[in-house]
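Hello! Here is the structure I promised to pass along.

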Amino acid sequence: MKRWILTALTLTLVCGCGDNEIGLEKRRPNSPPETTLASGPPDSTTGTVYQVRLFWSGSDRDGTIDHYDFILIDHPPITSHIDERGDPDTRVVVEIPDPLDPRWTGTTSTDSTFITLADTLRFDPRVPPENPDEERELIFERWHTFFVRAVDNEGDYDPTPDYRSFNSTNIAPYAWLQPPIKARNAFEGPPVIVFQWDGIDPVGDGTFKDPVASRHVIIPTEVDIDEDNIYLNFPDSLYTLPVGSRWSPWRRWDAVDGSGKRAVVRGLNRIDGQGNGHYIFAVQVMDEAGAISPLFDWQTPGRNNVAMVRVTGAVGPRLRVEDRFLGTFVFGGGARPVKLDIAAGQPLEFRWAADASHYGGEIVAYRYGWNIRDPEDP
């Protein structure tokens, strides 16, 4: 009887040990980590510079933090406020991303500076502001939400990621056309014109940098001869381009071929009695936050990104020809030939140079002829 009791007790102890190992694992599962956004724009900030720096940290009570995942949401341009009492159609709606959302990006860092979009202008640039000082600093903006979650050494992630919503703001870059274009003056040029420009981008924190890209357009127009030759439909025609006109593709500011800061426009029509020969040329620049210069100005030095153009046949390179015995002769667009009498056997040693900078042109080649009966015949 005692032997039977001892055997039963032994079996009970063996079974108890196996059950205890399984039970221990069940009672102590892996705990997910916790995440904290430690610094950055306060949640629901209505205006912060588009270069946003955020800091975060994590903790795991039964392990270590392996890395972090984050997602930066760009809310639609239509969203303009986060106040629940405002218009529901334009309110920022924050939704926690799905745990398996492919946009989660891993990092081992605990801080980073993000260049966020600030590309939405909520005012019509054609309507002057009440305060003239504000005209040059129209604010672009865009709402964003940043989510971050910690991931522990077991691969488990924080099911409740921390997040911040904020409205990034930005001042648009601006450009100006370089000489020979001059503010307040209509520009007279030939059928082929080289336009050059420069620009700058105020970041909004007191610093400046270069724009990231530019584009240009040239549109035909008419002038009102009864109103001091005012170019018609300016600036409306630049906000809504006429049929057949389009902006050039965006070119990088630092493009190797220089196309980010210059354009060669060809095939322009000369002025005639049919109203041809008048054009409006404009350039826009974009910054790294997506803001595009919204104003068109042809009168303010340092801001004149528009040129009023007249195309005539009287514009051309200035050609300087010299001979040590005959002297120096300068020819401009439409200049007549010069007839010279020379002695028989007199040597001729012509040298020449030309300049087209007064209308934005560049000299790319020369040609000369001898005993040509008709100079107009190629």
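**What turned up**

P180 sits in the loop that runs between β10 (174-177) and β11 (187-189). Strands here are DSSP runs of E with at least two residues, helices are runs of H or I with at least four residues, and both are numbered from the N terminus. P179 and P180 are joined by a cis peptide bond, with omega at about 20 degrees.

Before going on, a word on the background. This is a predicted model, in which local features need pLDDT of at least 70 and side-chain atom pairs count only at pLDDT 80 or more, while totals for chains, interfaces and linings use all residues. Residues are numbered from 1 along each chain as its sequence is written, and side-chain values use heavy atoms, with hydrogens and water left out.

P235 belongs to the loop between β16 and α2 (236-239). N233 is in the loop between β16 and α2 as well, and its phi is positive, about 65 degrees, although N233 is not a glycine. N233 is exposed, at 55% relative accessible area; exposed means over 50%, buried under 20%, and partly exposed in between (1.4 Å probe, protein chains only).

Strand β16 itself (residues 230-231) holds Y231. Y231 counts as buried because its relative accessible area is 9%. Its contacts (heavy atoms within 4.5 Å) include A186, H278, Y279, I280 and M308, leaving aside residues up to four places away in sequence. M308 is 77 residues from Y231 along the chain, yet their C-alpha atoms are separated by 7.4 Å. The Y231 side chain also reaches the backbone oxygen of V309 at 3.1 Å.

Further along, N371 lies in the segment after β23. N371 is another non-glycine residue with a positive phi, about 60 degrees, and it is exposed at 70% relative accessibility.

Which residues make the nonpolar surface patch of about 730 Å²? They are F350, W352, I363, Y366, Y368 and W370. Patch residues have over 30% relative accessible area and no salt bridge, and nonpolar side chains (Val, Leu, Ile, Met, Phe, Trp, Tyr) are joined within 5 Å, like charges within 9 Å. A salt bridge is a side-chain nitrogen of Lys or Arg within 4 Å of a carboxyl oxygen of Asp or Glu. Areas come from the Shrake-Rupley method with a 1.4 Å probe; for residues, only the protein chains shown count as cover. F350 is partly exposed, at 36%, and is placed in the loop between β22 (327-331) and β23 (351-355).

Best wishes

Methods
A polar contact is a pair of N or O atoms within 3.5 Å; within protein, one must be able to donate a hydrogen and the other to accept it, and residues adjacent in sequence count only if both atoms are side-chain atoms.
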